[in-house]
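Please read it alongside the coordinates.

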Amino acid sequence: MRKTAVVTGASSGIGEATARRLAAEGYEVVAGARRRDRLDKLAAETPSIRPATLDVTSQESVRALAASLERCDVLVNNAGGAYGLDSVADGQLDDWQRMYDVNVLGSLRMTQALLPKLVESGDGVLVMLTSTAGLGAYEGGGGYVAAKHAQRSMAETLRLELVGQPVRIVEIAPGMVQSEGFALTRFGGDEAAAARVYEGVPGPLTSDDVADAIAWCVTRPAHVNVDRMVIRPRAQAAQHKVHRVRD
């Protein structure tokens, strides 16, 4: 029986790329997200991908997905996102609530629901998609930074609590990724503002770059745990240090 990988937030961006890549690695992939039409299209293109309507902010939705699985060997907690770029003083509580519910509590719901199956598999891998925002703060990033720090702490705590169990805990922390919809969501659909994030940057990361890193970590031998992989484009030396080519 082939191994099963569950990928959340799989209808676009890093999640979609990861679903495709793990399918290419030989996994049966359960691609979970809210936008079922996009998942159906993805599954039609790749027979080893199964679409699953999933809202990680809903306990009922998460439980239903877990109950539908015979096994789970890999869980990629990818669903997340950033909303707004306000200062802490001016931050919108609704934005902070949404970021925490999707990034942090969504990962917690999925982890709690599927951890027994990961252990039962005998070589489970839990991947937490965080961000370089979880390694250092920056102005305007308060809510997102807080959420990604929380995810990072969750991964570190899980690694301590599960030592001796057949589960590897991997954290992937990407820097600047020009993925579908991320910046557009952050700026409330303002396409011009979203485009300025990547303006002049020679070679920001792509979703496929991050999916490649995830696949490499997941496919290491069972005794090898990649605690944390930080992946940035060459043009980004740090959160605040980005090389841009000007005309």
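Axes here are lines fitted to C-alpha atoms, for helices over the stretch in contact, and angles between N-to-C directions run from 0 to 180 degrees. The model is predicted. With that convention, helix α1 (residues 13-24) and helix α8 (residues 207-218) have axes that come within 8 Å and cross at roughly 50 degrees.

**Helix pair α1 and α8**
- The crossing of α1 past α8 is right-handed.
- On the α1 side, the contact is made by Gly-13, Ile-14, Ala-17, Thr-18, Arg-21 and Leu-22.
- On the α8 side, the contact involves Ser-207, Asp-208, Val-210, Ala-211, Asp-212, Ile-214 and Ala-215.

**Helix pair α1 and α2**
- The axes of α1 and helix α2 (residues 36-45) come within 11 Å, crossing at roughly 25 degrees.
- α1 and α2 therefore count as roughly parallel to each other.
- This crossing of α1 and α2 is right-handed.
- Glu-16, Ala-19 and Arg-20 of α1 make the contact with Arg-38, Leu-42 and Glu-45 of α2.

**Helix α5**
- Helix α5 covers residues 142-161, which is 20 residues.
- From first C-alpha to last, α5 reaches 28 Å, close to the 28 Å expected at 1.5 Å a residue.
- The buried residues of α5 are Gly-142, Gly-143, Tyr-144, Val-145, Ala-147, Lys-148, Gln-151, Arg-152, Met-154, Ala-155 and Leu-158.
- An α-helix has 3.6 residues a turn, so residues three or four places apart point the same way.

**Loop residue Gly-164**
- Gly-164 lies in the loop between α5 and β6 (167-174).
- Gly-164 counts as exposed because its relative accessibility is 76%, and the cut-off for exposed is over 50%.
- Glu-139 is 25 residues from Gly-164 along the chain, and their C-alpha atoms are separated by 40 Å.

**Loop residue Asp-73**
- Asp-73 sits in the loop between α3 (59-67) and β4 (74-77).
- Asp-73 counts as buried because its relative accessibility is 1%, and buried means under 20%.
- The side chains of Asp-73 and Arg-71 are joined by a polar contact of 2.7 Å.
- Beyond its neighbours within four places in sequence, Asp-73 is in contact with Lys-3, Thr-4, Leu-118, Ser-121, Asp-123, Gly-124 and Val-125.

Definitions and conventions: Residues numbered from 1 in each chain as written. Predicted model: local features only at pLDDT ≥ 70, side-chain atom pairs only at ≥ 80, totals over all residues. Heavy atoms only, no water. Helix = DSSP H or I, 4+ residues; strand = E, 2+ residues; numbered from the N terminus. Buried < 20%, exposed > 50% of the residue type's maximum accessible area, 1.4 Å probe, protein only. Polar contact = N/O pair within 3.5 Å; in protein donor to acceptor, adjacent residues only side chain to side chain. Contact = heavy atoms within 4.5 Å. Expected span 1.5 Å × (residues − 1). Left-handed = near helix turned anticlockwise from the far one by under 90°. Parallel < 35°, antiparallel > 145°, perpendicular 65-115°, else oblique.
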